[in-house]
Amino acid sequence: MPKKMPVYIQMHNQMREWINTGEWKEGEKVPSERDLALRFDVSRMTARQAVNTLVDEGLLERRRGSGTFVALEKVREKMSGVPSFTETVERQGKVPASKLVAFHTKPASISEAEKLQIEHNEEVLIMERIRSADGIPICYEVATIPYKYVHDLSKEQITQHLFKTLEVEKGMRVERAEQTISATWASESIAEMLGIKRGSSVLRLRQVSYSQDDTPFEYVRSQYVGDRYEFFLEAAKK
C-alpha cells in the first residue's frame with residue numbers, strides 16, 4: 001500500500017506548479033513562511049520544510065535581508081566526468097568520512113519523480129549525510145534513490161559503497177552524470193551541521209547519475225562550504 005504523501009511534499013508540489021505555470025514569476029518575491037503556513041493551514045515548520053526543498057532544487061532562492069524569491073534562470077556550463085567525493089578527498093591525501101543524518105523512505109515529490117523518471121508518488125529512499133575531510137565538514141548532501149533498486153540491499157551497502165554495490169549486485173554501472181552548480185548562502189540548519197556561520201557562502205550542486213543504459217538512479221542535492229571546496233573544470237579546444 002502506497003505511503004500517504006507528507007504535507008510538506010504536497011506543499012512543494014503545489015508551489016512548484018505555481019512556478020511552472022508562471023503564477024509565481026521569475027524573480028518575484030514569494031509569500032513568507034508565516035503567510036504560507038496560514039494559506040496551507042500548516043505549521044511554520046512544515047512551511048519551512050516545503051520551501052527548503054524548493055531552495056535545494058534551485059527553484060527558489062533566499063536573499064539575505066530581503067526574503068525568498070523565484071530563482072532566476074542561470075547560465076549552465078557542462079562539466080565532464082562523474083565526481084566521487086571519497087576519491088577526490090583521498091587524491092589530496094586527506095581522510096574522507098561521512099556522518100549519516102537521515103535514512104528513510106517516502107513518496108517521491110514531483111521534482112524527484114521527474115529527475116529520476118519514475119512515477120509520481122513512487123517510493124524512494126532518502127539518505128542525508130555530512131561529508132568530511134580530515135574531520136572537517138565539507139558538505140551536506142541529500143540523495144534520493146528509487147527504492148526498487150535498493151530494497152534488498154543493506155544499510156551499510158547503500159551508505160558506504162552505493163555505486164560499487166549497484167554494479168556488483170545489480171549490474172548497474174554509473175556511466176554519466178548531469179550536474180548543475182550555483183551559489184547560495186547557508187541557512188541556520190545547514191550552517192549548524194557544517195560548523196559555519198549562518199549566511200556563509202556555499203556552493204550548491206545538483207546531480208543526476210545515470211547507469212549504462214541511461215537510466216537515472218540517483219538524484220543528489222549537495223551544499224559545499226565555499227571556502228573549503230572548489231570545483232575545477234578542464235576544457236580543451238575543439
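Student: What makes E4 and E5 a pair of strands?

Tutor: Two strands pair if DSSP finds at least two bridges between them. E4 and E5 are joined over ten bridges in the antiparallel sense, so they count as paired. Among the facing residues, Arg131 stands opposite Cys139 in E5. Strands here are DSSP runs of E with at least two residues, helices are runs of H or I with at least four, and both are numbered from the N terminus.

Tutor: One note before we go on: this is a predicted model, where local features need pLDDT of at least 70, side-chain atom pairs count only at pLDDT 80 or more, and totals for chains, interfaces and linings use all residues. Residues are numbered from 1 along each chain as its sequence is written, and side-chain values use heavy atoms, leaving out hydrogens and water.

Student: Which order do the strands of the open sheet have?

Tutor: The six strands run E3-E4-E5-E8-E7-E6, with antiparallel pairing.

Student: Why are E3 and E6 called edge strands?

Tutor: Strand E3 (96–107) and strand E6 (174–185) each pair on one side only.

Student: What makes E1 and E2 a hairpin?

Tutor: E1 and E2 have three residues between them, and Gly65 in the turn has a positive phi of about 80°. Strand E1 (residues 60–63) and strand E2 (residues 67–70) pair in the antiparallel sense over four bridges.

Student: Why is H2 called roughly perpendicular to H3?

Tutor: The axes of helix H2 (residues 33–40) and helix H3 (residues 44–56) come within 8 Å and cross at roughly 110°. Axes are lines fitted to C-alpha atoms, for helices over the stretch in contact, and angles run from 0 to 180 degrees between N-to-C directions. Angles under 35 degrees count as roughly parallel, over 145 as roughly antiparallel, 65 to 115 as roughly perpendicular and the rest as oblique. H2 is therefore roughly perpendicular to H3.

Student: Which residues make that contact?

Tutor: With contact meaning heavy atoms within 4.5 Å, H2 brings Glu33, Arg34, Leu36 and Ala37, while H3 brings Arg44, Ala47, Arg48 and Val51.

Student: How do you know whether Gln117 is buried or exposed?

Tutor: Buried means under 20% relative accessible area, exposed over 50%, and partly exposed in between (1.4 Å probe, protein chains only). Gln117 has 57%, so it is exposed. Its phi is near 55°, a positive value in a residue other than glycine.

Student: And what about Asp134?

Tutor: Asp134 has 43% relative accessibility, so it counts as partly exposed. Asp134 lies in the loop between E4 and strand E5 (136–146).
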